[in-house]
Amino acid sequence: MFRQWVTLFAILLVYIPVAIDATVLHVAAPTLSVSLGTSSNELLWIIDIYSLVMAGMVLPMGALGDRIGFKRLLLSGSGLFGLASLAAAFAPSAMWLIAARACLAVGAAMIVPATLAGIRNTFSEARHRNMALGLWATIGSGGAAFGPLIGGIVLEHFWWGAVFLINVPIVLVVMAVSARVVPWQPGRREQPLNFTHAVMLVAAILLLVWSAKSAIKGSEGLGFVALALLVGGVLLTAFVRIQLAARTPMIDMRLFTHRIILCGVMMAITALATLVGFELLMAQELQFVHGKTPFEAGLFMLPVMLASGFSGPIAGILVSRIGLREVATGGMMLSALSFLGLSMTDFTTQQWQAWGLMTMLGFSAASALLASTAAIMAAAPKEKAAAAGAIETMAYELGAGLGIAVFGLILTRSYSGSILLPDGLLAGEAARASSSIGEAVQLAQTLEQPQAMAVIDAAKTAFISSHSVVLFSAGGMLLALAVGVWFGLAKVRQTA
């Protein structure tokens, strides 16, 4: 029994940085922007490359675990995660950090299925296994929810690289404990691997996201953007066709033909997108506009973290009492109202109103997330429960990545269109200040007073206006989605 719980300790310990790293950079965004001189586009890639790569790699890594045994997968993933953390901590440039974050995502994609398999193989009694899985789920949701606050605490006392450096001792402890305690599992050499399919999916996602960002920002030639969009679309179409024809597909695409499962996937993507995108937006406004430190920004966002991290049991009771359809639609509706309210809130003079709306947002978005899980698992045939769970995992990661991309794109476009810069700036300086508030701050550091102050004031005014546009747009989209969810889950009781 002692060995079981020591194994669980190692599993949970290594899962903590994997969960935290999805959101820990949100409050570090302003610091990274100034320290590395990143553009707004580079900053978005630094943050969302982790979730986008992980979305495509987590499924084939599960197959790799079947093939080589999950202890080997855990040790290999932990080692890669530790090395990538070192590379990220000392990254000299934005491109280096993006590459390191992509490697972090591959290591995380190895760790997640290894931890779940480790729990399943270690605990034979259902009572103990359910307790272990409950702790695992708490680490996952809590780590992601409190990532910004943890990042703020680290940045309060150390340089930005320490956010990644804290992973290294954790990984070393986990590898030492796992090597001695976790039993070896025999691999199944006949298990097929789908790495080519995974790379195709990741490439398609990255090309489509990049082309959308570039088209909205107008930073690349139209022909080059169109080519990237075409290649991404072709790769995605080819991936779907291969999965439909494969005897052992990476994703069972036929599950998407089920209306309720498709609705659940859309809810999962949207719920994660709203939470993650909102945290990134808030982290930048609180620091760049309102002058808060990273730690103070994390504390200000604590209501949304607490509400999303601890809403699970309440949402579960509500689903049982009033129904899945009602909770899912209500969650989307309340999230929409939260965004609409926040779009009209002054975070300097209306703090209590902001905290109340953030609490409602965290609870409602997390409730919609739980409802999406229930919808997917209730609608999937029992023999395809594992495939449905894999689709749900991908939806979570895609939601996190797309939330950063979509919120960032709307923010960038609105900011560039609304900023009113002072006279006297060169054309290149004006273009730089109009790209993002981070680049405006970088530019101001090279200017003389009072011109520097005028640039900062213009950037702050434009960002506040853009923040309202982003949140109002998100609220409108969620209202439309709530209507779709109501009709999409119309027959969920008969299916469950």
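1. Of the 496 residues in the chain, 56% count as buried, where buried means under 20% relative accessible area, exposed means over 50%, and partly exposed lies in between (1.4 Å probe, protein chains only). The chain exposes about 20300 Å², and carbon and sulfur atoms supply 69% of that area; accessible areas come from the Shrake-Rupley method with a 1.4 Å probe.

2. This is a predicted model, in which local features need pLDDT of at least 70 and side-chain atom pairs count only at pLDDT 80 or more, while totals for chains, interfaces and linings use all residues. Residues are numbered from 1 along each chain as its sequence is written, and side-chain values use heavy atoms, with hydrogens and water left out.

3. The average pLDDT of the chain is 79, and 88% of the residues score at least 70; pLDDT is the predictor's confidence in each residue, from 0 to 100. Confidence is lowest in helix 21 (residues 492–495), with a mean of 47, and highest in helix 4 (residues 70–89), at 88. Where pLDDT is low, the predicted coordinates should not be read in detail.

4. The chain has 21 helices and zero strands. Helices (H or I, at least four residues) and strands (E, at least two) are DSSP runs, numbered from the N terminus. Contacts, meaning heavy atoms within 4.5 Å, deserve a comment here. Of those in the chain with a separation of 6 or more, 81% are between residues 24 or more positions apart.

5. The largest nonpolar core has 160 residues. Such a core is a set of buried Ala, Val, Leu, Ile, Met, Phe, Trp, Tyr and Cys residues joined through side-chain atoms within 4.5 Å. Val18, Leu25, Tyr50, Leu97, Ile251 and Phe278 have the most contacts inside it. Helix 11 (residues 259–289) gives this core its largest share, 19 residues. Leaving aside residues up to four places away in sequence, Tyr50 touches Val18, Asp21, Ala22, Phe81, Arg101, Leu104, Ala105 and Ala108.

6. The structure holds five aromatic pairs. Rings of Phe, Tyr and Trp (its six-membered ring) pair if their centres lie within 6.5 Å; planes under 30 degrees apart count as stacked, over 60 as edge-to-face and the rest as tilted. Phe300 and Phe347 form an edge-to-face pair, because their ring centres are 6.1 Å apart and their planes stand at 85°. Phe300 lies in helix 12 (residues 294–300) and Phe347 in the loop between helix 15 (324–342) and helix 16 (351–379), so this pair ties together parts that are 47 residues apart in sequence. Phe300 is buried at 4% relative accessibility, and Phe347 is buried at 3%.

7. Phe300 also pairs with Trp355 in a tilted arrangement, 5.5 Å centre to centre with 55° between the planes. Because Phe300 lies in helix 12 and Trp355 in helix 16, this pair ties together parts 55 residues apart in sequence. Trp355 is partly exposed, with a relative accessible area of 22%. Ring pairs link Phe300, Phe347, Trp352 and Trp355 into a cluster.

8. Helix 15 has 19 residues, of which 14 are buried, so the helix is largely enclosed by the rest of the structure. From its first C-alpha to its last, helix 15 reaches 27 Å, close to the 27 Å expected at 1.5 Å a residue; the expected span is 1.5 Å times one less than the number of residues.
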